[in-house]
Amino acid sequence: MDDKLYYIWLQRICGAANRLSGLLLSHFPSAAAVYECTDFSFLPENYRHYADMLCVKDLSQTLETYKACVNRGIKLVPYHSPDYPASLRDIDDPPVQLYVYGDITRLSGVHSAAIVGTRNADENGIASATRYAESFARSGVAVISGLAKGIDCAANDSALKAGGLSVGVLGTPIDRIYPPENVRLFHRMYSSGVVVSEYAPRAEVGRYSFPARNRIISALSECTVVIQAAQGSGAIITARRAVQQNKPVYFAAGGVTAVLEGSVSVSCPAEVLERFEIDDPSLRISPSAYAPRHAVSHGMKIELPPEKNASQPGTNDELKLLSIISGHPGTAEEFAAAMKVSVDRIYELLTLLELDGAITASAGGRYTKNTLK
């Protein structure tokens, strides 16, 4: 039996952005070894409720996913594979397995930079993302983004057109094109770039999957460039994760007013490329090229230490939600009613708290606060 089947099985249990995956994958030499295990008493108390699921050895659904990948030419890159990006093993909640179109080993031995920003980008933001992506591509720096509407698509598309390595990290299953209007770009990425997801074909995901995937974008990249960022946006979540991973964050001048502790404002791609010791004067674009036609603030001020722990969630909304969960573990819908905000906003906050290790998602979509050891 192909060993990759066991990684599919384990991923179905762990889900996305779950530190359980890091605990198990560092403890066992393979997913097959996890499958063969029947005693999970070594797990920390916060993860003991997964023991029952880990002891269910049914591979029927796993086999269907495996067949779908083989039939569609989707590559399976499990955690213990030599092709699995080493940088993803450095985070606490690594994907158990990646689903890939293209050759992910192309990232090995090359510089890489994430370009992220709002879905509701204006003309100046799109132009800025295009300039940065083209400059990076011409300099041999891989461009990594989320293939989402707005800044992400502009970055992935521009890097591809410039002949560089363009990597799209999806917040949807590997076989789902979202948004639908980007179908042509997706097919170009499938054939000439690299498309990555931790979600199997036909997997059921929610809005939480998008902020969860941002940890992969920042982990695969040596630095993150934020073009435009709205409050609570995925770009800010990516930047926060980059800081937690001790990686540089750059904010493009003229389009972003956000401030992240330790971040640097840059006026042209050359200032970022200097980090890679690539100095091409032709890439030094005048700062005036990035000046917005109208003075608009697209960002927010954030001050965050490089590392956070479960007792230090970042915002007032996160603190309020954590307080509610502490007293009454429950579902996203229950929390939305208690805080009188949308369920989408709750999922965003839940993802941030889970990424920081403050809470744990359990069966039935219920969330509980973690107990510090």
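Biologist: In this predicted model, which residue does the side chain of Glu 64 meet in a salt bridge?

Modeller: The side chain of Glu 64 meets that of Lys 67 in a salt bridge, with 3.8 Å from N to O. The general idea is that side chains of opposite charge can pair when their charged atoms come close. In this case the two residues are three apart in helix H5, residues 60-72, which means that about one helical turn separates Glu 64 and Lys 67. Glu 64 is partly exposed, at a relative accessible area of 43%, and Lys 67 is likewise partly exposed, at 39%.

Biologist: How many salt bridges does a search of the whole structure find, and which residue pairs with Arg 72?

Modeller: The search finds ten salt bridges, and one of the pairs joins Arg 72 to Asp 175, whose closest N and O atoms are 2.4 Å apart. Because Asp 175 sits in the loop between S5 and helix H8 (183-192) while Arg 72 belongs to helix H5, this pair ties together parts that are 103 residues apart in sequence. Asp 175 is partly exposed at 25% relative accessible area, and Arg 72 is partly exposed at 36%.

Biologist: Are Asp 152 and Arg 213 buried or exposed?

Modeller: Asp 152 is buried, with a relative accessible area of 5%, and Arg 213 is buried as well, at 4%. Their side chains meet in a salt bridge of 4.0 Å, N to O. Asp 152 lies in helix H7 (residues 151-161) and Arg 213 in helix H9, so the pair links parts 61 residues apart in sequence. Elsewhere, salt bridges that share partners join Asp 93, Glu 198, Arg 215 and Arg 241 into one network.

Biologist: What is the order of the strands in the open sheet?

Modeller: The nine strands follow the order S1-S2-S6-S5-S4-S3-S7-S8-S9, and their pairing is mixed. At the edges are strand S1 (75-78) and strand S9 (264-266), each of which pairs on one side only. Neighbouring strands are turned by 30 degrees against each other on average, direction ignored. Helix H9 (residues 209-220) packs on this sheet, touching strand S3 (112-116), S4, S5 and strand S7 (223-226), and its direction makes about 155 degrees with that of S5.

Biologist: How many bridges join S4 to S5, and where is Leu 98 found?

Modeller: Three bridges join strand S4 (residues 142-145) to strand S5 (residues 166-169), and the two run parallel, with Ser 145 standing opposite Gly 168 in S5. Leu 98 is found in strand S2, residues 97-101, and is buried, with a relative accessible area of 0%. Its contacts beyond four places in sequence include Leu 76, Tyr 84, Ile 104 and Val 196.

Terms used. Residues are numbered from 1 along each chain as its sequence is written. This is a predicted model: local features need pLDDT of at least 70, side-chain atom pairs count only at pLDDT 80 or more; totals for chains, interfaces and linings use all residues. Side-chain values use heavy atoms; hydrogens and water are left out. Helices (H or I, at least four residues) and strands (E, at least two) are DSSP runs, numbered from the N terminus. Buried means under 20% relative accessible area, exposed over 50%, partly exposed in between (1.4 Å probe, protein chains only). Contact means heavy atoms within 4.5 Å. Two strands pair if DSSP finds at least two bridges between them. Axes are lines fitted to C-alpha atoms, for helices over the stretch in contact, and angles run from 0 to 180 degrees between N-to-C directions.
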